Amino acid sequence: MFNIEFGDNGEILCSGRLDAAQCAKAEEFLGSVDSSSTLDFAQLEYISSAGLGILLKTQKRLVENGAGLRIINVNNHIHDVFRYSGFHSIFEIEAG
């Protein structure tokens, strides 16, 4: 299960598992984001390469318009995925 929604403070809250089966849901939501935003991964358990692809696509689109994604509360496993894939140099990431 995966859920993505705006939190009370405007951050984008992600929870569950962002895998290939959930990418359409994430892509639809993130496609509506048009300004710099913070993704809160405190409740995100897993992200697949397909999920990373959605984040990269969103980041590229936002950077073209002078914006970008910031990711906070990243657990150790997901932080490792970002480091091993080189994505830690594409996003501003704060460990949880």
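Modeller: In α2, the buried residues are Gly51, Leu52, Ile54, Leu55, Thr58, Gln59 and Leu62. Buried means under 20% relative accessible area, exposed over 50%, and partly exposed in between, with a 1.4 Å probe and protein chains only. Helices (H or I, at least four residues) and strands (E, at least two) are DSSP runs, numbered from the N terminus.

Biologist: What makes the buried residues of α2 line one face of the helix?

Modeller: Seen down the axis of α2, they fall within an arc of 155°, so they line one face. The arc is that of the directions from the helix axis to the C-beta atoms. On the face turned away from that buried side are the exposed residues Ser49, Lys57, Lys60 and Glu64.

Biologist: Before going further, where do these values come from?

Modeller: This is a predicted model, in which local features need pLDDT of at least 70 and side-chain atom pairs count only at pLDDT 80 or more, while totals for chains, interfaces and linings use all residues. Residues are numbered from 1 along each chain as its sequence is written, and side-chain values use heavy atoms, with hydrogens and water left out.

Biologist: How do you know that the span of α2 agrees with its 16 residues?

Modeller: The expected span of a helix is 1.5 Å times one less than its number of residues. For the 16 residues of α2 that should give 22 Å, and the end C-alpha atoms are 23 Å apart, which agrees. Just after α2, Gly66 has a positive phi of about 80°.

Biologist: What covers the buried residues of α2?

Modeller: The cover includes β2 (12-18), α1 (23-31), β3, β4 (69-74) and α3. Contact means heavy atoms within 4.5 Å. α2 also lies across β2, β3 and β4, running at about 170° to β3. Such axes are lines fitted to C-alpha atoms, for helices over the stretch in contact, and the angles run from 0 to 180 degrees between N-to-C directions.

Biologist: Why is Ser48 called buried?

Modeller: Its relative accessibility is 11%, so Ser48 counts as buried under the 20% cut-off. Ser48 lies in the loop between β3 (37-47) and α2 (49-64). Neighbours within four places in sequence aside, Ser48 is in contact with Leu18, Asp19 and Ala20.

Biologist: And why does Ile78 count as buried?

Modeller: Ile78 has 1% relative accessibility and therefore counts as buried. Ile78 sits in helix α3 (residues 76-85). Not counting residues up to four places away in sequence, Ile78 touches Phe41, Leu44, Glu45, Tyr46 and Ile47. Ile47 is 31 residues from Ile78 in sequence, yet the two are 6.8 Å apart in space, C-alpha to C-alpha.

Biologist: What makes the buried residues of α3 line one face?

Modeller: In α3 the buried residues are Ile78, Val81 and Phe82. Seen down the axis of α3, they fall within an arc of 95°, so they line one face of the helix. They pack against β3, α2, β4 and β5. The face turned away carries the exposed residues Asn76 and Tyr84.

Biologist: Which strands are the edge strands of the sheet?

Modeller: Five strands form an open sheet in the order β1-β2-β3-β4-β5, with mixed pairing. The edge strands are β1 (2-6) and β5 (92-95), as each pairs on one side only. Two strands pair if DSSP finds at least two bridges between them.

Biologist: How many bridges join β1 to β2, and how many join β2 to β3?

Modeller: Five bridges join β1 to β2, which run antiparallel, and six join β2 to β3, which run parallel. Phe6 has Ile12 in β2 as its bridge partner, and Asn3 has Ser15. Gly16 stands opposite Leu44 in β3.

Biologist: Which residues touch the most other members of the largest nonpolar core?

Modeller: A nonpolar core is a set of buried Ala, Val, Leu, Ile, Met, Phe, Trp, Tyr and Cys residues joined through side-chain atoms within 4.5 Å. Of the 28 residues in the largest one, Leu30, Leu39, Phe41, Leu55, Ile71 and Phe82 touch the most other members. The elements giving two or more residues to this core are β1, β2, α1, β3, α2, β4 and α3.
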